[in-house]
Amino acid sequence: MKVVIVEDDDETGQFVERGLREAGAMVTRFSDARSALPHLASTDCDVIVFDRMLPGMDGVQAVRLLRGSGVQTPILMLTAMSGIDDRVDGLEAGADDYLVKPFAFSELHARLKSLLRRPPMATDASELRLADLHLDRLRHRAQRGDTVLDLSPLEFRLLEFLMLNPDQVVTRTMLLEKVWGYSFDPKTSIVQTHMSRLRAKVDKPFGQDLITTVRGAGYVIAEP
Amino acid sequence: MSSPSLSAVFRATVFQLTLLSCAAFVVISLIILWGVTGYYITSLRDQVEDRITEESAFIKETYERDGVLAAEQVFEINGRLIWREGDIYERLEEREIVAVLRADDDVVLAGYPGLWANVGWGDAELDHDEIDDPITTLQIELDTDLFLTVGLFYPPEIWELENFRRAAAVALFVIVLPLSLITGYFLSRSVYRRLDTLSLTAETVASGSLHTRAPIRGNGDEFDRLSEGINRMLDRLEAANRNIEAVSVGVAHDLKTPLANIGGRLELIGRDLGDNAAIEAHVAAADAHLKTLLGTFDALLRLGEVEAGQRKAAFREVDLSEVATDLGASFEPVFEEATKSLDQAIHSGIMVLGDRDLLAQLMSNLLENALEHARDGARVWIRLGMAGGRATLEIGDDGPGIPAHLKARVFERFYRAESSRTTPGSGLGLSLVKAIADLHEASLSLDQDAPGSVFRLIFPAQD
């Protein structure tokens with residue numbers, strides 16, 4: 001994975017760079033948009049991490065410029081601002097995802113992986129399959145082997161999201177954003193609670209775990 | 001209240017404006033008066049001159065056609081050519097022509113000898129014992145050394161008009177101007193006095209006594225409205241000030257405590273170098289403290305964002321029933337695991353104008369509050385319905401309830417009942433609930449509902 005990081009804060013830059021190198025990525029780092037843009041226009045990379053507030057040209061402007069010049073590489077924006085409007089600005093400019101500082105490296109990593117996968121499995125497929133797990137999205141029916149699973153609507157949506165992103169770490173915040181549609185973080189462990197209920201229905205009776213917890217990061221659904 | 005000084009009143013805007021508008025009124029009145037009377041006077045003069053021109057032309061014609069004797073005959077009154085003083089009374093009465101025909105300067109051939117004038121148009125006075133009314137005259141030379149003078153008394157209307165306009169001008173200057181001065185003085189003095197009390201209030205507040213309020217007369221005039229506005233502003237300021245005190249204490253506690261804990265853990269890591277298991281435990285603990293700290297920060301930022309009110313621009317129709325159902329479903333298992341229950345009675349299709357995300361956070365915070373404070377085994381309930389055309393949301397529990405004297409304070413920032421000082425949570429959750437309710441112009445109350453308490457949120461009626 002080739003990653004370009006544009007981040008003016010050296011501490012954050014180092015933190016992200018080191019994490020990505022350890023995860024086996026090739027990392028190029030810039031500290032402002034003006035020096036990064038020529039490189040981005042001429043060199044291929046897999047994903048770009050852009051800080052939102054940069055000296056000189058800010059991240060939103062730079063992303064708009066990149067998209068305007070036809071660069072299609074997935075972009076993740078980092079920001080210290082957490083207002084909803086800031087989020088919307090970044091996405092409207094052409095960023096694909098948005099992460100609020102401070103963040104855990106595992107969160108950033110999971111999101112970058114998810115961006116690399118884009119487009120994931122055809123998101124409009126009416127059926128999703130993984131091992132002997134079968135999801136009928138039209139009839140809202142989940143089945144493992146021959147057993148029909150009795151899922152609540154929320155559990156169904158959770159499972160659906162996991163199956164749309166197989167073999168990838170899905171974090172708690174990603175689930176809150178995508179399944180619940182909340183941009184706030186409830187103190188209560190609603191994600192964990194529902195996840196454990198889901199796993200109790202999907203995995204426990206069958207003695208073979210499809211969903212696993214990645215400690216400190218999130219959940220993965222994968223073939224056993 | 002002290003009487004304002006004279007110079008202060010004269011400097012007042014109201015006074016200057018009153019004076020200025022009165023001066024303008026006087027000037028415009030004078031212009032109109034002069035214009036209208038001038039027009040009438042001119043037209044009256046024109047009539048007089050026409051009459052004189054006509055008469056002199058007739059005499060001149062007679063002279064040129066039939067000679068001087070014929071012309072003299074025109075002047076005949078009561079069989080005489082030369083008029084006497086007595087004849088003039090009748091002429092004046094009837095507003096008839098007075099004329100004289102002279103040869104060689106002072107030989108009167110016919111007419112009234114007491115009429116003297118210069119060549120051309122002019123104004124003259126008759127040489128007469130009793131009559132001294134002014135007269136308009138025209139003198140022409142009929143022939144060498146033969147002068148005809150024709151005159152006509154001014155019509156009395158001209159006099160009347162001129163007198164009228166003189167009197168009116170005097171009245172305007174002598175009566176209206178001083179009157180406006182007096183009106184302006186009293187007007188501005190009363191305005192000045194009321195403004196002075198407001199200034200005094202402002203000064204008092206500025207000097208630090210934030211509880212001072214502007215007096216209100218109660219007649220609902222513009223000053224009362226201004227005072228009410230200022231008082232509301234001061235209420236807000238005072239509340240905000242009180243809040244800041246609470247917030248500083250809260251910030252000290254809720255931000256400094258986790259920071260201190262993180263610092264402590266870092267120190268422990270330094271001491272336990274080499275003991276991986278211990279270090280791992282310290283990192284995990286420090287991480288938990290950091291999360292608490294960030295949670296407080298996020299809540300503070302959110303609160304600021306909500307209170308700034310910008311989110312209002314993005315308000316749209318929100319299906320409150322759907323949001324409530326979703327949250328109910330999300331929290332039910334969490335309540336179960338905490339050995340509490342969550343009953344849901346949600347009417348479908350209830351729409352309000354608002355921000356979906358914030359409304360979800362509001363409900364989530366109320367549910368979390370119930371989760372935190374209701375006793376074990378408590379029954380918590382969420383109800384959503386319409387009451388009197390208003391969407392009404394209730395989240396309540398069956399105990400232990402909140403003591404009455406603390407009810408007013410639960411929405412304050414960083415407020416936490418003393419007993420729960422040690423429980424996790426930022427103490428901002430309910431402040432945020434209040435701020436979101438305010439943003440939606442919904443009324444929020446915490447009511448006693450034996451044996452527990454209930455948060456009741458009533459949205460404004462939709463049209």
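Helices are DSSP runs of H or I with at least four residues, strands are runs of E with at least two, and both are numbered from the N terminus. The model is predicted: local features need pLDDT of at least 70, side-chain atom pairs count only at pLDDT 80 or more, and totals for chains, interfaces and linings use all residues. Residues are numbered from 1 along each chain as its sequence is written, and chains are lettered from A and ligands numbered from 1 in the order in which they are written.

**Exercise 1. Check the length of H1(A) and inspect the residue that follows**.

Step 1. The expected span of a helix is 1.5 Å times one less than its number of residues.
Step 2. H1 of chain A covers residues 10-22, which is 13 residues, so the helix should span 18 Å.
Step 3. The end C-alpha atoms of H1(A) are 18 Å apart, which agrees.
Step 4. A:Gly24 follows H1(A), and its phi is positive, near 90°.

**Exercise 2. Repeat the check for H2(B), then find its buried residues and what covers them**.

Step 1. H2 of chain B covers residues 13-66, so its 54 residues should span 80 Å at 1.5 Å a residue. Its end C-alpha atoms are 78 Å apart, which agrees.
Step 2. A residue is buried if 20 or more other C-beta atoms lie within 10 Å of its own, exposed if 12 or fewer, and partly exposed in between, with C-beta atoms placed from the backbone.
Step 3. In H2(B), B:Phe15, B:Thr18, B:Ile52, B:Ile59 and B:Tyr63 are buried.
Step 4. Their cover includes helices H1 (6-11), H3 (68-74) and H5 (156-206) and strands S4 (134-143) and S5 (146-153) of chain B.
Step 5. Just after H2(B), B:Gly67 has a positive phi of about 95°.

**Exercise 3. Describe the packing of H8(B) against H9(B)**.

Step 1. Two packed helices are described by the angle between their axes and the distance between the axes. Axes are lines fitted to C-alpha atoms, for helices over the stretch in contact, and angles run from 0 to 180 degrees between N-to-C directions.
Step 2. H8 (residues 320-337) and H9 (residues 356-373) of chain B pack at about 30°, with axes 10 Å apart.
Step 3. Angles under 35 degrees count as roughly parallel, over 145 as roughly antiparallel, 65 to 115 as roughly perpendicular and the rest as oblique. H8(B) is therefore roughly parallel to H9(B).
Step 4. Two residues are in contact if their C-beta atoms, placed from the backbone, lie within 7 Å. Among the residues of H8(B) that meet H9(B) are B:Leu320, B:Leu327 and B:Phe331; those on H9(B) include B:Arg356, B:Met363 and B:Ser364.
Step 5. Ala, Val, Leu, Ile, Met, Phe, Trp, Tyr, Cys and Pro count as nonpolar, Asp, Glu, Lys and Arg as charged, and the others, Gly among them, as polar. The contact of H8(B) with H9(B) has 12 nonpolar, 1 polar and 1 charged residues.

**Exercise 4. Characterise the side of chain A that touches chain B**.

Step 1. 20 residues of chain A are in contact with 20 residues of chain B.
Step 2. On chain A, H4 (84-93) and H8 (190-202) each supply at least two residues of that side. The largest share, 4 residues, comes from H8(A).
Step 3. That side of chain A divides into 8 nonpolar, 8 polar and 4 charged residues.
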